[in-house]
Amino acid sequence: MVDSLLYGLLDLRMAAPLLAAAVALYILVEQLSYHRKKGSLPGPPLVVPFIGSATHMIRDPTGFWEMQAARARKSGVGFTADFLAGKFTIFIRDSELSNRVFANVRPDAFFVIGHPFGKKLFGDHNLIYLFGDDHKDLRRRMATNFTPRALSTYAAIQQRVIVSHLRRWLDRSAANGGKAEPIRVPCRDMNLETSQTVFAGPYLTEEARERFKSDYNLFNVGLLAFPVDLPGLAFRRARQAVARLVRMLRDCARESKARMRAGGEPECLVDYWMQETVREIDEAKAAGLPPPAHISDDEEIGGFLFDFLFAAQDASTSSLCWAVSALDSHPDVLARVRAEVASLWSPDSGEPITADKIAEMKYTKAVAREVVRHRPPATLMPHIALQDFQLTESYTIPKGTLVLPSMYESSFQGFHEPDAFDPERFFSEARREDVVYKRNFLAFGAGPHQCVGQRYALNHLVIFMALFVSLVDFRRERTEGCDVPVYMPTIVPRDGCVVYLKQRCANLPSF
């Protein structure tokens with residue numbers, strides 16, 4: 001036994017130099033590969049073996065992406081190179097180059113992944129992973145979810161949930177002696193209940209909603225964690241949580257199909273979708289045709305519903321916080337929004353704001369668009385280059401590159417005084433910056449994968465602002481750096497948007 005142990009130690013001592021040489025060779029090849037792909041682009045001259053700049057990105061995402069933007073701006077080429085967790089990466093600041101990427105999502109160019117490690121995290125059934133006719137057909141079928149009738153149904157739900165949460169915020173504020181509190185987490189909880197009710201309606205029990213909330217929190221933590229897929233780590237827990245959420249939404253789709261087939265009226269998004277889905281499936285069956293792709297499998301539908309939830313949840317939390325902060329720091333804008341809403345709706349009416357009245361809130365909608373432009377919730381949209389792609393005359397993106405067009409940086413290009421918060425750019429018929437600088441307004445993406453639910457997202461922001469300014473008097477507690485953007489995972493004010501809240505009207509409406 002002693003002899004065996006000695007031989008084992010000797011083998012290890014003999015293998016150690018070989019192992020060290022192999023690691024050194026790998027590091028050398030990695031550095032050479034990085035420099036070959038980088039060429040003359042701005043970027044770090046050397047990269048940390050295996051992980052590159054991933055540690056900096058996770059520890060200080062705000063500082064990391066500001067550094068990338070500064071490099072791209074200073075270089076004059078509009079984009080920069082880096083290395084993240086084994087992936088050669090291109091960060092794109094220039095709007096026109098970002099539009100080139102968005103316009104070329106196809107099998108021989110780019111593949112949208114939504115997150116640097118999205119496929120592993122989100123699973124296979126995801127709208128953003130589809131191309132060509134498959135993608136067009138699915139988006140066409142999803143259009144029924146965002147018709148005026150459907151949006152009107154959702155508006156009533158949104159108002160019911162928002163008012164109930166505003167009541168809780170005001171009660172909590174009164175109980176705490178009117179002390180200022182951050183509203184990021186309350187906004188997140190309100191949005192989660194809104195998304196659950198709008199998307200899945202009556203098909204989620206109270207117990208299921210609590211499990212949903214817990215699993216979605218695990219998913220959020222995993223989004224910002226180091227992507228090590230091992231038991232007990234945040235990334236693995238996030239993957240498992242997504243699988244459970246998709247199964248929960250799969251069951252909602254199955255129940256909705258049964259209710260719609262029985263002639264029920266739509267009460268939520270999945271009902272509007274399944275009403276048309278059931279019709280298509282039954283027509284195909286009657287004609288002896290195979291069932292339509294992507295909408296016949298409940299598990300696949302569950303994955304697509306999770307896409308909606310992810311797109312609506314964190315982005316809306318970001319926008320609501322920035323809206324409150326912007327309204328507080330621009331009292332003239334706040335006064336105009338209050339006046340417009342008051343001319344169309346009163347809390348004393350006891351009735352929710354109708355879809356027609358929401359459509360008449362032109363200035364409030366311009367404020368919503370400016371909130372989204374000034375602080376785009378999702379700052380980047382990760383893609384993978386499926387083939388070599390000539391981005392400019394002098395640079396070709398190598399196959400396999402992680403490509404990151406920045407929607408945030410585009411928002412500060414072209415527009416008149418882009419750093420200023422100015423809703424007039426979208427409201428004024430003379431300026432019409434939404435048309436003039438359309439290619440710079442990339443908060444909802446562009447090209448074939450532009451956000452399918454952007455009308456819903458803007459409606460949600462308009463409804464929240466209309467109710468919030470009518471029912472609540474508020475004042476931001478301003479401290480140094482409170483409005484510096486931080487990633488949670490979408491950008492929010494660094495202090496969580498701390499505000500003083502006080503009830504504005506005599507009685508809150510009850511819908």
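Biologist: Is leucine 402 buried or exposed?

Modeller: Please bear in mind that this is a predicted model. Leucine 402 has a relative accessibility of 3%, so it counts as buried.

Biologist: Which strand does leucine 402 lie in?

Modeller: Leucine 402 belongs to strand E8, which covers residues 402-405.

Biologist: And how far apart in space are leucine 402 and proline 291?

Modeller: Their C-alpha atoms are 36 Å apart, and the two residues are 111 residues apart in sequence.

Biologist: Which residues line the largest cavity?

Modeller: The lining consists of Trp169, Arg172, Ser173, Lys179, Glu181, Pro182, Ile183, Pro186, Val499 and Leu501. Two or more of the lining residues come from each of helix H7 (148-175), strand E4 (181-182) and strand E12 (498-503).

Biologist: Which element gives the largest share of that lining?

Modeller: Helix H7 does, with 3 residues.

Biologist: What is the lining like by class?

Modeller: The lining of the largest cavity has 6 nonpolar residues, 3 charged residues and 1 polar residue.

Biologist: Now the aromatic rings. How many aromatic pairs does the structure hold?

Modeller: There are 28 aromatic pairs. One of them joins tryptophan 169 and phenylalanine 468, edge-to-face, with 6.5 Å from centre to centre and 70° between the planes.

Biologist: Why does that pair tie together parts that are 299 residues apart in sequence?

Modeller: Tryptophan 169 lies in helix H7 and phenylalanine 468 lies in helix H19 (residues 454-471), so the pair links parts at that separation in sequence. Tryptophan 169 and phenylalanine 468 are both buried.

Biologist: Which arginine lies over the face of phenylalanine 412?

Modeller: Arginine 373 does, at 5.7 Å from the ring centre.

Biologist: Which residues form one aromatic cluster?

Modeller: Phe146, Tyr154, Phe199, Tyr272, Trp273, Phe304, Phe308 and Tyr456 form one.

Biologist: A change of topic, then. Where is aspartate 60 found?

Modeller: Aspartate 60 is in the loop between helix H2 (54-59) and helix H3 (61-75). Its relative accessibility is 34%, so aspartate 60 counts as partly exposed.

Biologist: What does the side chain of aspartate 60 reach?

Modeller: It reaches the backbone nitrogen of glycine 63, at 3.1 Å. Aspartate 108, by contrast, is 34 Å from aspartate 60 in space, C-alpha to C-alpha, and 48 residues from it in sequence.

Biologist: Finally, asparagine 440: is it buried or exposed?

Modeller: Asparagine 440 counts as buried, because its relative accessibility is 12%. This residue has its place in the loop between helix H18 (433-436) and H19.

Biologist: And what does its side chain reach?

Modeller: The side chain of asparagine 440 reaches the backbone oxygen of glutamine 413, at 3.0 Å.

Key. Residues are numbered from 1 along each chain as its sequence is written. This is a predicted model: local features need pLDDT of at least 70, side-chain atom pairs count only at pLDDT 80 or more; totals for chains, interfaces and linings use all residues. Side-chain values use heavy atoms; hydrogens and water are left out. On a 1 Å grid over the protein atoms alone, a cavity is a set of points where a 1.4 Å probe fits but cannot get out, and a pocket is an open set with protein on both sides within 12 Å along at least five of seven lines; lining residues have an atom within 4 Å of a point. Helices (H or I, at least four residues) and strands (E, at least two) are DSSP runs, numbered from the N terminus. Ala, Val, Leu, Ile, Met, Phe, Trp, Tyr, Cys and Pro count as nonpolar, Asp, Glu, Lys and Arg as charged, and the others, Gly among them, as polar. Rings of Phe, Tyr and Trp (its six-membered ring) pair if their centres lie within 6.5 Å; planes under 30 degrees apart count as stacked, over 60 as edge-to-face and the rest as tilted. Buried means under 20% relative accessible area, exposed over 50%, partly exposed in between (1.4 Å probe, protein chains only). A charge sits over a ring if NZ of Lys or CZ of Arg is within 6 Å of the ring centre and within 35 degrees of the ring normal. A polar contact is a pair of N or O atoms within 3.5 Å; within protein, one must be able to donate a hydrogen and the other to accept it, and residues adjacent in sequence count only if both atoms are side-chain atoms.
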